[in-house]
Each structure stands twice: as C-alpha cells, then as structure tokens.
Amino acid sequence: MQEEEMGYALSTTIDQPFDSTLAATREALAAQGFGVLTEIDMAATLQKKLGVEIRPQVILGACNPPSAYEALQAEESIGLLLPCNVVVRSVDSTTTIVEAIDPQTMRELTGNAAMQPIAERIGGLLQAALDSLGN
C-alpha cells in the first residue's frame, strides 16, 4: 500500500485486483459509518455511451448522515458538494487506486469556518477507511 498526496484528494494505492478492492472499499466505508448512495461504473457508462474502453473505474457516492446533516446546518448549499465521492480505479491487473475527495476542499470552497470541524471529522473517517484497505 502506498499513500499519495493530491491537493483535493485522499489517495492510496492497493496491491490488490480491482474487484476485491472495490468490495473492500464498500466494507471500509460502512465500517466508518458511510452509506453508498450512488454508484457509477465509468467503464460501463463510457463503453455504452461512447463505445470507448477504459480500465475499470467506479465512483461511489458516500454519505455519513449525521455529518451531512451537520454540514447542511452550517452551509445550506453544501449539497452541491455532497455526497463525498470515492473513486476506485484499476491501474493494472494487480494494482488499484482508491481516492476520496478531501473534505477540506469543501471547507475551502465555501470559505465557511463552521465547516472546519466537520471537514476534519469526515476527513479522518475517510482516511481511516483508506488506511484499513492496506490491512
């Protein structure tokens, strides 16, 4: 497992195939209190709509309801940035990258200081989910 830095994402590289990493990611999110509200299979969608092929990639729309409610109380328009997207994408047959939006991005975009503790808590939960994938 390798941690990666991106200005707007939390990211980790897993030495596991895509399908098992996708299943493990769903479980890791659930263990941290997230439900998956949406799931977009980018490879299937682009194949169907454009006839192009990409490596397997799925976008999971993850939501932690108590934190979403708290965020809505602090910033009424935060729904524009919800749910938290988590992307699972294949690099090759044995390597998968899992990325999650860094909730600090939401705080930065809104400029709302009341979002800071919410972003820190959600960021910690998402990071814990990513960290658990390497175990």
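1. Let's start with V36, which sits in strand 3 (residues 35-41). Strands here are DSSP runs of E with at least two residues, helices are runs of H or I with at least four residues, and both are numbered from the N terminus. At 33% relative accessibility, V36 counts as partly exposed. For reference, buried means under 20% relative accessible area, exposed means over 50%, and partly exposed is in between (1.4 Å probe, protein chains only). V36 touches L29, L60, G61 and A62, leaving out residues up to four places away in sequence; contact means heavy atoms within 4.5 Å. The C-alpha atoms of V36 and V86 are separated by 9.5 Å, and these two residues are 50 residues apart along the chain.

2. A quick word on what you're looking at. This is a predicted model, where local features need pLDDT of at least 70 and side-chain atom pairs count only at pLDDT 80 or more, while totals for chains, interfaces and linings use all residues. Residues are numbered from 1 along each chain as its sequence is written, and side-chain values use heavy atoms, with hydrogens and water left out.

3. Now follow V36's partner L29. Leaving aside neighbours within four places in sequence, L29 is in contact with F34, V36, L60, A62, V86, L126 and A129. L29 also shows up in the largest nonpolar core, which has 26 residues; L29, F34, L60, V86, V98, I122 and L126 touch the most other members. A nonpolar core is a set of buried Ala, Val, Leu, Ile, Met, Phe, Trp, Tyr and Cys residues joined through side-chain atoms within 4.5 Å.

4. Which elements give two or more residues to this core? They are strand 2 (9-14), helix 1 (18-31), strand 4, strand 5, strand 6 and helix 5. Helix 5 gives the most, with six residues.

5. The structure holds one cavity of 30 Å³ or more, and the largest cavity has a volume of about 130 Å³. On a 1 Å grid over the protein atoms alone, a cavity is a set of points where a 1.4 Å probe fits but cannot get out; a pocket is an open set with protein on both sides within 12 Å along at least five of seven lines; and lining residues have an atom within 4 Å of a point. Grid points are joined across faces, edges and corners, and a volume is the space filled by probe spheres set on the points.

6. What lines that cavity? There are 17 lining residues, of which S67, A68, L82, C84 and I122 lie nearest the centre of the largest cavity. Strand 4 (57-63), helix 3 (65-74), helix 4 (103-110) and helix 5 (116-132) are the elements that give two or more residues to this lining. By class, the lining has 15 nonpolar, two polar and no charged residues. Here Ala, Val, Leu, Ile, Met, Phe, Trp, Tyr, Cys and Pro count as nonpolar, Asp, Glu, Lys and Arg as charged, and the others, Gly among them, as polar.

7. The largest pocket has a volume of about 230 Å³. It is lined by 13 residues, and Y8, A9, N85, A100 and I101 are the closest to its centre. Strand 5 (84-92), strand 6 (95-101) and helix 4 each give two or more residues to the pocket lining. By class, that lining has 10 nonpolar, two polar and one charged residues.

8. Why are there zero disulfides in the whole structure? A disulfide is counted when a pair of cysteine sulfur atoms lies within 2.5 Å. The sulfur of C63 has its closest cysteine sulfur in C84, 7.6 Å away, so the two are too far apart for a bond. Both cysteines are tucked away: C63 counts as buried because its relative accessibility is 15%, and C84 counts as buried at 6%.

9. M106 touches I78, L81, L82, C84 and I101, not counting residues up to four places away in sequence. With 7% relative accessibility, M106 counts as buried. M106 and A119 are 13 residues apart along the chain, and their C-alpha atoms are separated by 7.4 Å.

10. Last, a look at strand 6, where you'll find T96. Buried or exposed? T96 counts as buried, since its relative accessibility is 0%. Its contacts beyond four places in sequence include T12, F18, V88 and V91.
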